[in-house]
Number of protein chains: 2
Amino acid sequence: MKIDVIPLGTASAVPTDERHLSALAVERKGQVLLFDCGEGTQYRLREAGLSWARIEAIFVTHLHGDHCYGLPGLLSTMELQQRADPVTLVLPPGGPAMLRAVPGATPARLSFPVHVVEADAAGTLGTVYETDEIAVEARRLDHREVFAMGFRVAERTRPGRFDPERARALGVPEGPAFGRLQNGCPVTTPDGTTVRPGQVLGPPRPGVVAAYVTDTRPCAGGRALAEEADLLYHDATFADDHAARADETGHSTARQAATVAREAGATRLLLGHLSARYPDPAPQEREARSVFPAAEVAEELRRYELDPREKEPDPVGPADES
Amino acid sequence: MKIDVIPLGTASAVPTDERHLSALAVERKGQVLLFDCGEGTQYRLREAGLSWARIEAIFVTHLHGDHCYGLPGLLSTMELQQRADPVTLVLPPGGPAMLRAVPGATPARLSFPVHVVEADAAGTLGTVYETDEIAVEARRLDHREVFAMGFRVAERTRPGRFDPERARALGVPEGPAFGRLQNGCPVTTPDGTTVRPGQVLGPPRPGVVAAYVTDTRPCAGGRALAEEADLLYHDATFADDHAARADETGHSTARQAATVAREAGATRLLLGHLSARYPDPAPQEREARSVFPAAEVAEELRRYELDPREKEPDPVGPADES
């Protein structure tokens, strides 16, 4: 299923005329997952043509204002829009307490169900949200002394493509038997032979993977989230000229982000959380591309399309030729 | 001194494509007073060409999110901009506690001085901020059970215009004596006669007055703030068709806002806090103008200029002809 990744805010701590505070939307089948919610995100969602009502889960990396100050406003707007559907909030430690202290944003008092997942500061994180078709995993990042986590959205692998010609050739009658095979169950044909799914299904089809890794120095957690990702959005706050500053403040340079992408085998890298000190991020892009050619500065409100069909193995034939 | 009133956000609780959450700037001599700070205000200030560094005081009417959720972000941006100048925050009861609970927005931990004035829920409010040249008065409004206050910015009345010809004719030597008269002190001329300021100064020159009255039903506090105001920005959330809803929710109709303006003898009325249910606020404007012709729907980022010279009495001659 096609996924669109839409950067809504790619500035670092202070907004500029071109860049807004951190937020990124992942749209799939009309539903939206929102990563970070800097101030102004409810406006950016509108400008991106994404309905507040379609947000099913919000994931906040850490409690620096530029990543979460838009959450109270978005929740209260959802309420004012008479939302009934539930929303899941995956928050850093202390996130729920902050919301409770903000009049009008207390999850328990909102008129729609809010399922809050508070990350365990000490624990390993793992899967923090899942549906039948996707799973979101969280891992600790390295953002100085501040708790920060990154996220990886992965579609579940789907069974291989079903080959109806092949099935008919093996004597499988059209109808429910086709369905059973596609659901991974063997069937017995009228002449008594057993046909296994592997004989009529292509190889399993991996889903798309997007990773959101900011704010952080380059770190193991970020690399793990980025593993074979189709698209990695990574902290690229600084260019090489401020590498020391990056380390000091718990951020990355664009080159470091590119190195993470290359080491993780990602397909594409979006450079984000760009410092306002660079009116033109071209140096960051250049430095990143010297390490990882498929790096680009994230463009706000642009839809980066991830299509799982591009990952499908060639339909050489059923998974196992009997 | 010329004052510019600049509506930054004129929507009611939910932003629309055209209207942003509540905020209004008053610029005088390059310094900015900010009234309300809905989410996104720090962006709106930029778009209005108003520097964050020039904000000397922020006045929040009440703790509904659409009026205050932008405050944490603005304060943290001021800090990130290495602000050193102090800022005054005039907040409703509970305002300081809310800020303290939001990581990164705790006034005491900001790197610049923050003088917090917390309104007394029970008390009468009065002057909440003043300089040599202006005073800001607050009064309770009527916004259902929620504490809300409105504000009146008034320039101090200045002495009348000095008439140098007149002074010379009365034998006053040029130099310090002219200055003393302009500062309201009598002088003795070389031939021993006493010249009083009133003989060489025109009538006192009233300063401009702007009033910010939202969220509220029409009420005595709002009328008092609007008294003879040059410009009144008033809650006009609804048109007549939803008058009952206005009362129920603690708001006003445009007609009611106009009635307040007329009764208070205001010069001009800006209709604000406009409900998203009206894609076109023309009905509200029409209804308001039927009561108060100088009513108009507030236009965001437009500079409404208030010039005290327009209020100056005709220079008929010194205040008291001796």
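With a relative accessible area of 29%, L301(B) is partly exposed; partly exposed stands between buried, under 20% relative accessible area, and exposed, over 50%, with a 1.4 Å probe and protein chains only. L301(B) is not a glycine, yet its phi is positive at about 70°. Its place is the loop between β15 (295-297) and β16 (304-306) of chain B. Helices (H or I, at least four residues) and strands (E, at least two) are DSSP runs, numbered from the N terminus.

R144(A), also a residue other than glycine, has a positive phi near 55°. The loop between β8 (134-140) and β9 (149-155) of chain A holds R144(A), which is partly exposed at a relative accessible area of 35%.

## Basis of the description

This is a predicted model, in which local features need pLDDT of at least 70 and side-chain atom pairs count only at pLDDT 80 or more, while totals for chains, interfaces and linings use all residues. Residues are numbered from 1 along each chain as its sequence is written, chains are lettered from A and ligands numbered from 1 in the order in which they are written, and side-chain values use heavy atoms, with hydrogens and water left out.

## The seven-stranded sheet

Chain A has an open sheet of seven strands in the order β7-β8-β9-β12-β13-β14-β15, with mixed pairing. Because β7 (126-130) and β15 (295-297) of chain A are at the edges with a single partner strand each, one side of each has no neighbour in the sheet. From one strand to the next, the twist averages 20°.

Two strands pair if DSSP finds at least two bridges between them. β14 (residues 269-272) of chain A pairs with β15(A) in the parallel sense over three bridges. L271(A) has V297(A), in β15(A), as its bridge partner. Helix α10 (residues 282-289) of chain A lies across β14 and β15 of chain A and runs at about 170° to β15(A). Such angles run from 0 to 180 degrees between N-to-C directions, with axes fitted as lines to C-alpha atoms, for helices over the stretch in contact.

## The annotated position D66(A)

UniProt places the feature "active site" at D66(A); UniProt positions are given in the numbering used here, feature names are shortened, and annotations may be inferred rather than shown by experiment. D66(A) is in helix α2 (residues 65-68) of chain A and counts as buried, at 8% relative accessibility.

Contact means heavy atoms within 4.5 Å. Apart from its neighbours within four places in sequence, D66(A) is in contact with S12(A), A13(A), L21(A), S22(A), G38(A) and H273(A).

## How the two chains meet

A rotation of 180° with 0.0 Å of shift along its axis superposes chain A on chain B, with an RMSD of 0.1 Å; the superposition is by least squares on the C-alpha atoms of residues with pLDDT of at least 70 in both copies. This is the relation of a two-fold axis. The C-alpha of G40(A) is the nearest to the axis in chain A, at 2.5 Å.

The contact takes 31 residues from chain A and 31 residues from chain B. The copies meet through the same surface, because 100% of the interface residues of chain A are also interface residues in chain B. About 2,400 Å² is buried between chain A and chain B, 59% of it on carbon and sulfur atoms. Buried area is the accessible area (1.4 Å probe) that two parts lose on being put together, summed over both.
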